[in-house]
Amino acid sequence: MSEPTSRITLEVNGRDVTADVPSRTLLVEFLRDNLGLTGTHVGCDTSQCGACTVHLDGIAIKSCTIFAVQAQDATVTTIEGLDPAADHPLQRSFQRCHALQCGFCTPGMIMAAASLLATDPTVGAAEVRGALEGNLCRCTGYQPIIAAVLEAGKELAG
Amino acid sequence: MTPFVYHRPTQLADALALLRDEQARPIAGGMTLIPTLKQGLAQPAALVDLAGIDVLYGIRLADGVIEIGAMTRHYDVATSPLVIAHLPGLADLAGQIGDLQVRNRGTIGGSVANNDPAADYPAAVLALCAEVVTDRRSISADAFFTGMFETALEPGEIVTAVRFPAPRRCAYAKFANPVSGYALAGVFVGVHAEGTRVAVTGAGPCVFRASAIEAVLARDPAAASFDAALLGPDGLASDLHASAAYRAQLARVLAARAVARLT
């Protein structure tokens with residue numbers, strides 16, 4: 001039996017995309033392998049580490065635990081689409097605060113934090129920690145990440 | 001993961017017709033099913049995605065009963081003004097499931113139908129005398145959860161909503177496994193006109209009522225602690241995460257915390 005496929009149409013980083021993919025293709029595989037958007041990382045592939053976090057219709061989800069076909073008609077934003085000039089307040093504050101070392105978790109951290117700050121840029125450290133519970137970093141010890149998110153929040157809140 | 005055919009019906013009747021095929025499985029948020037498929041522990045020939053069926057969404061209040069559609073996400077339950085006002089313990093519970101990204105995908109119907117022994121929702125459903133509504137009937141919580149990953153659902157039957165009669169007061173207390181976020185033990189206390197119900201998840205092979213603790217609360221509604229004789233290790237789970245004795249201790253302490261937290 002040949003592999004069952006599905007035709008999917010969705011918007012990724014402002015661009016309309018249509019493709020025929022095996023139905024079992026994960027969204028993260030589609031983003032990386034079909035669209036070449038390799039900023040979204042696969043860490044654990046078990047929904048634990050959050051490195052694959054993207055926005056689906058504006059909210060943070062783990063793209064390793066959703067099939068591409070489930071994103072039919074949805075709007076997906078990856079780290080590449082967060083800011084056209086890669087100059088989002090979070091991207092600047094992560095650099096300023098040294099909120100990364102190896103950088104593997106960073107796209108997921110930033111996408112999860114961006115989702116939180118879009119809801120409320122005035123959140124405090126406890127809310128930031130809560131919202132990033134599903135994102136693991138093995139380098140920084142988290143403190144600079146919390147600081148970076150709070151700084152970006154201040155900038156976004158004006 | 002084995003290949004499967006994907007369906008996304010927009011009508012409940014169409015989903016039910018597709019699920020008459022024994023090789024088909026419904027998928028809700030997929031937070032448990034997709035990891036299960038990756039591990040090869042389930043190999044369905046077809047997945048029937050319930051996400052396109054509008055009637056499965058939403059939170060409504062009618063005649064003192066809060067009805068939550070099966071496809072309602074944990075995030076929406078945690079932040080719903082209606083749930084916060086009438087079922088504060090349930091909103092608190094939903095906000096403690098997994099992590100933010102998981103709460104943005106996972107659904108109440110999926111969690112209840114899966115009946116993971118360490119899932120949070122079954123404790124609330126049981127302690128709040130909820131009714132699990134399916135495409136063909138309504139099942140009381142006492143009859144719904146029948147064993148580890150087992151429910152009263154028949155083949156091809158799907159959960160469409162859960163109905164919670166508003167309690168006088170309720171609260172949830174949980175000790176989460178720090179890696180998975182699942183409950184090593186979790187206790188939901190619901191105070192109703194008919195009496196107080198105490199449901200324990202995570203500690204045993206299936207959610208259960210702590211009847212000896214309920215009996216103490218019937219005499220002393222503000223009991224601050226529960227001694228070891230009221231909930232022992234017999235029948236509880238022992239694994240690499242915790243012994244049965246430790247889980248029993250956790251459950252007794254969490255029951256007291258939930259009682260102290262009742263709002």
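Predicted model: local features only at pLDDT ≥ 70, side-chain atom pairs only at ≥ 80, totals over all residues.
Domain 1 of chain A covers residues 5-82, and domain 2 of chain A covers residues 89-157. The two domains touch: 17 residues of domain 1 of chain A and 13 residues of domain 2 of chain A take part in the contact. On the side of domain 1, at least two residues each come from strand S3 (53-56), strand S4 (59-62) and helix H2 (79-82) of chain A. S3(A) gives the most to this side, with 3 residues. By class, this side of domain 1 has 8 nonpolar residues, 9 polar residues and no charged ones.

Chain B holds an open sheet of 3 strands in the order S1-S3-S2, with parallel pairing. Strand S1 (5-7) and strand S2 (24-27) of chain B are the edge strands, each pairing on one side only. From one strand to the next, the twist averages 25°. S2(B) pairs with strand S3 (residues 46-49) of chain B in the parallel sense over 4 bridges. Within these strands, B:Pro26 stands opposite B:Val48 in S3(B).

The remaining topic is the contact between the chains. Chain B brings 18 residues to it and chain A brings 23 residues. On the side of chain B, the elements that give two or more residues are S1, helix H2 (33-38) and helix H6 (100-103) of chain B. H6(B) supplies the largest share of this side, 3 residues. The residues on the chain B side divide into 11 nonpolar, 3 polar and 4 charged.

Technical notes: Residues numbered from 1 in each chain as written. Chains lettered and ligands numbered in written order. Pairing = 2+ DSSP bridges. Axes fitted to C-alpha atoms, helices over the stretch in contact; angles between N-to-C directions. Contact = placed C-beta atoms within 7 Å. Nonpolar A, V, L, I, M, F, W, Y, C, P; charged D, E, K, R; others polar. Domains from an automatic or database assignment.
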